[in-house]
Amino acid sequence: MSAHDELQHAHDDGHGHDDLGIHATFGGYMTGFVLAVVLTVIPFWLVMGHVIAKSSTAAVVILALAAVQIVVHMIYFLHMNAKSEGGWNMLALVFTIVLVVITLSGSIWIMYHLNSNMMPSMMDPANLP
Amino acid sequence: MSDLSSTVLPGNASAPPLTFYDTAESHPPNGTLLGFWVYLMSDCLIFACLFAVYGVLGREYAGGPTGAQVLELPAVAVNTSLLLLSSITYGFAVLEMQRDRQRPMMLWLTITGLLGAGFITLELREFAHLISIGAGPQRSAFLSSFFTLVGTHGLHVTCGIIWLIVLMTQVAKKGLIPANKRRLMCLSMFWHFLDVVWVGVFSFVYLMGVLP
């Protein structure tokens, strides 16, 4: 066991202390920041200035801009790429996105249909068993 | 492990000694950051569930106030700017950390913490205002899901600020040792992740909530 511990220790030392796997740059952060500001200002302007009259169109535009902004944050602030941590970062992210999409779209879809399939008589508390 | 490679079974002396080609533990370098990433992803699932709840209940007003009546976009715009600015100032702190410059790094971390505290203050004021006009979490399903989602995010930011203060104390005491750098990178991921969640909150809850 002690041999194993020594080996583990030597292994950790061998990787070097400063190798945190992430090499941030000023340019990267500033690019991300400018893009994030633009992608934040546009939806606020759309809503607060009543630019788009139709609510559903405005909602789609807002969600699309939010999706783009999330990708920008992931790349420039969280330093995501397909190679970091040998690809395991990306794998965990893809798995999470799949679960998030299932959770969100599934819940909203199912509950919307439950709402619209309710019989009028079921809405009245007096008719409940 | 190295002992094992020379082990020979008794009574079988003529057999060639066992050889292991991979003597080291196989794990990716820097497992802490990967592990922390996995934590963030599971946290992401918590928020996904809360977003789903809000998506389902967000228009159930129960005769109470609607989003357009109670949500104040100018305050949210200020809040969003504060959080976005705190993200970039944490980025500057990381840049100083990479160059081993402790004093400027601490300065950027302090600014980050203050911006985070400003965010929390504004959010608490908004909550207090809503509760004072009778639009508390118990008023309608919309307000319950609103308070749960936004409150959980605010709780995360509060925890981030506490973590930041603890880390600044550690850096002040022990300097920029490798362990502290690793912790600072974890908090960096946490902080930027909260900004990502906030993008979802201001888009899905506030901006879409006030649409007619």
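**Entry 1: helices α2 and α3 of chain A**

I looked up how helix α2 (residues 26-48) of chain A sits against helix α3 (residues 55-77) of chain A in this predicted model. Their axes come within 9 Å and cross at roughly 165°. Axes here are lines fitted to C-alpha atoms, for helices over the stretch in contact, and angles run from 0 to 180 degrees between N-to-C directions. Helices are DSSP runs (H or I, at least four residues), numbered from the N terminus. The angle makes α2(A) roughly antiparallel to α3(A), a label for angles over 145 degrees. I noted a left-handed crossing for α2(A) and α3(A); that is, the near helix is turned anticlockwise from the far one by less than a right angle. I then sorted the residues of this contact: 16 are nonpolar, 6 polar and none charged. Nonpolar covers Ala, Val, Leu, Ile, Met, Phe, Trp, Tyr, Cys and Pro; charged covers Asp, Glu, Lys and Arg; the others, Gly among them, are polar.

I noted the ground rules too: residues are numbered from 1 along each chain as its sequence is written, and chains are lettered from A and ligands numbered from 1 in the order in which they are written. Local features need pLDDT of at least 70, side-chain atom pairs count only at pLDDT 80 or more, totals for chains, interfaces and linings use all residues, and side-chain values use heavy atoms, with hydrogens and water left out.

**Entry 2: chain A against chain B**

How many residues does each chain bring to the contact? I found 53 from chain A and 54 from chain B, with contact meaning heavy atoms within 4.5 Å. The two chains bury about 4,700 Å² between them (accessible area, 1.4 Å probe, lost on putting the parts together, summed over both). Carbon and sulfur atoms hold 79% of that area. I found 0 salt bridges between chain A and chain B (side-chain nitrogen of Lys or Arg within 4 Å of a carboxyl oxygen of Asp or Glu).

**Entry 3: helices of chain B**

I took helix α3 (residues 73-98) and helix α4 (residues 102-132) of chain B next. They pack at about 165°, axes 8 Å apart. That makes α3(B) roughly antiparallel to α4(B). Their contact has 16 nonpolar, 5 polar and 2 charged residues. Among those meeting are B:L82 and B:F92 in α3(B), and B:W108 and B:F119 in α4(B). The crossing of α3(B) and α4(B) is left-handed.

Then I checked α4(B) against helix α5 (residues 141-174) of chain B. The angle is about 155°, with axes 10 Å apart. α4(B) and α5(B) are therefore roughly antiparallel. Their contact divides into 18 nonpolar, 9 polar and 2 charged residues. This crossing is left-handed.

Technical notes
Helices (H or I, at least four residues) and strands (E, at least two) are DSSP runs, numbered from the N terminus. Angles under 35 degrees count as roughly parallel, over 145 as roughly antiparallel, 65 to 115 as roughly perpendicular and the rest as oblique.
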